[in-house]
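Subject: Structure handover

Hi,

Here is the structure I promised to pass on. Please open it and keep it beside this email while you read.

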Amino acid sequence: MNSTQPTWYSAEDTVERASPRIARRLIERALLDGFDPATDPGRINIPAGAGHLLIMPSTLGDWVGTKVASVAPGNPDKGLPRIQATYVLLDAETLTTAALMDGSALTTLRTPAVSAVAADKLAAPDAAQLTVFGTGPQALAHIVAFADIRELSRITVVGRNPGKVGSVVDETAKLGLPVEAGRAEDIAEADIVVCATSAAEPLFDGAGVKGGACVVAMGSHETGRRELDSGLMGRSQVVVEDAAAALREAGDVVMAVDDGALAAGKLVTLRDVVTGAVARRDDRPNVFKGVGMSWQDLAVAVGVIEADFQ
């Protein structure tokens, strides 16, 4: 690696060097190696231009990194992505920039990787039916990640736009997975439910989720938006990346606490689940609510440049 010129990793380079399986292992390894997400700096939100910037710094061992993401609500009307991002990776000893990466590709990798780490511990060992809400890139990415941790016999995709649902179904079918368009009522039979939408209101009646099921919600990090209702949050074991981050950014958690359905002190951390300090529940749903944290990007970014990780 050139000591003066950082290496650029395109979206294609990033995906090629860190598969969904490797990304999942990198996230899990960080937690098993003793990293505590509670020490991670909070996401910094700064108004800028026609939108705002999100700054996400972190330190893991020999590496320091930060993601700079721009959010421009008007971009889709201009044919541009609403969210764009670049990742800067530095060595911790000298703070010299070692690499620059496509931050959007990194996000697409690490978000389902975190969800899969959680679901691998929270879903039943024989979980076979998956229902996915959402039709964006994260919906397909979660299907791929979850198919790597469980042998899925039925996948249903639920969305508002039939055409977009059909696109996700087609792409999933190309992977040789059993998939079909679904409806919200599919949650009653689902062993795993994934919510990957931009919804501001609950996607379904949480009373329909069966005991022992795993529900993953990762569509928002805003306190005024949620995908899951307070009833489901209140009767579930709720797992979060970090309690402080969830109470600061997770609308599903914040509104359930405000409604009196969920006690903040009952939140379980992903670290405790991964290390085995807390086990999944068979008698109630197991919810994982993720908001995305800086350390996750860094863990996967390190794996991109250390592509020999197995």
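Start with E249, which sits in helix α7, residues 243–249. One thing to know before going on: this is a predicted model. Is E249 buried or exposed? Its relative accessibility is 10%, so E249 counts as buried; the cut-off for buried is under 20%. Which residues does E249 touch, leaving out those up to four places away in sequence? They are R43, H221, E222, T223 and V291.

Next, a pair of helices. Two packed helices are described by the angle between their axes and the distance between the axes. Here, helix α2 (residues 20–32) packs on helix α10 (residues 294–305) at an angle of about 120 degrees. Their axes are 9 Å apart. That angle makes α2 oblique to α10. The crossing of α2 past α10 is right-handed.

Which residues meet there? From α2 come A23, L26, I27, A30 and L31. From α10 come W295, Q296, A299, V300 and G303. Sorted by type, the residues of this contact are eight nonpolar, two polar and no charged.

Now the aromatic rings. A pair of aromatic rings is described by the distance of the centres and the angle of the planes. How many aromatic pairs does a search of the whole structure find? It finds two.

F35 lies in the loop between α2 and β2 (44–48), while W295 is in helix α10. The pair therefore ties together parts that are 260 residues apart in sequence. F35 is buried, with a relative accessible area of 13%. W295 is buried too, at 0% relative accessibility. Recall that W295 is also among the α10 residues that meet α2.

The other pair is F133 with F204. Their ring centres are 5.1 Å apart and their planes are at 35 degrees, so this pair is tilted as well. Where do the two residues lie? F133 is in strand β7 (residues 129–133). F204 is in the loop between β10 (192–195) and β11 (214–217). The pair therefore ties together parts that are 71 residues apart in sequence. F133 is buried, with a relative accessible area of 3%. F204 counts as buried at 8% relative accessibility.

Best wishes

Notes:
Residues are numbered from 1 along each chain as its sequence is written. This is a predicted model: local features need pLDDT of at least 70, side-chain atom pairs count only at pLDDT 80 or more; totals for chains, interfaces and linings use all residues. Side-chain values use heavy atoms; hydrogens and water are left out. Axes are lines fitted to C-alpha atoms, for helices over the stretch in contact, and angles run from 0 to 180 degrees between N-to-C directions. Helices (H or I, at least four residues) and strands (E, at least two) are DSSP runs, numbered from the N terminus. Angles under 35 degrees count as roughly parallel, over 145 as roughly antiparallel, 65 to 115 as roughly perpendicular and the rest as oblique. A crossing is left-handed if the near helix is turned anticlockwise from the far one by less than a right angle, and right-handed if clockwise. Contact means heavy atoms within 4.5 Å. Ala, Val, Leu, Ile, Met, Phe, Trp, Tyr, Cys and Pro count as nonpolar, Asp, Glu, Lys and Arg as charged, and the others, Gly among them, as polar. Rings of Phe, Tyr and Trp (its six-membered ring) pair if their centres lie within 6.5 Å; planes under 30 degrees apart count as stacked, over 60 as edge-to-face and the rest as tilted. Buried means under 20% relative accessible area, exposed over 50%, partly exposed in between (1.4 Å probe, protein chains only).
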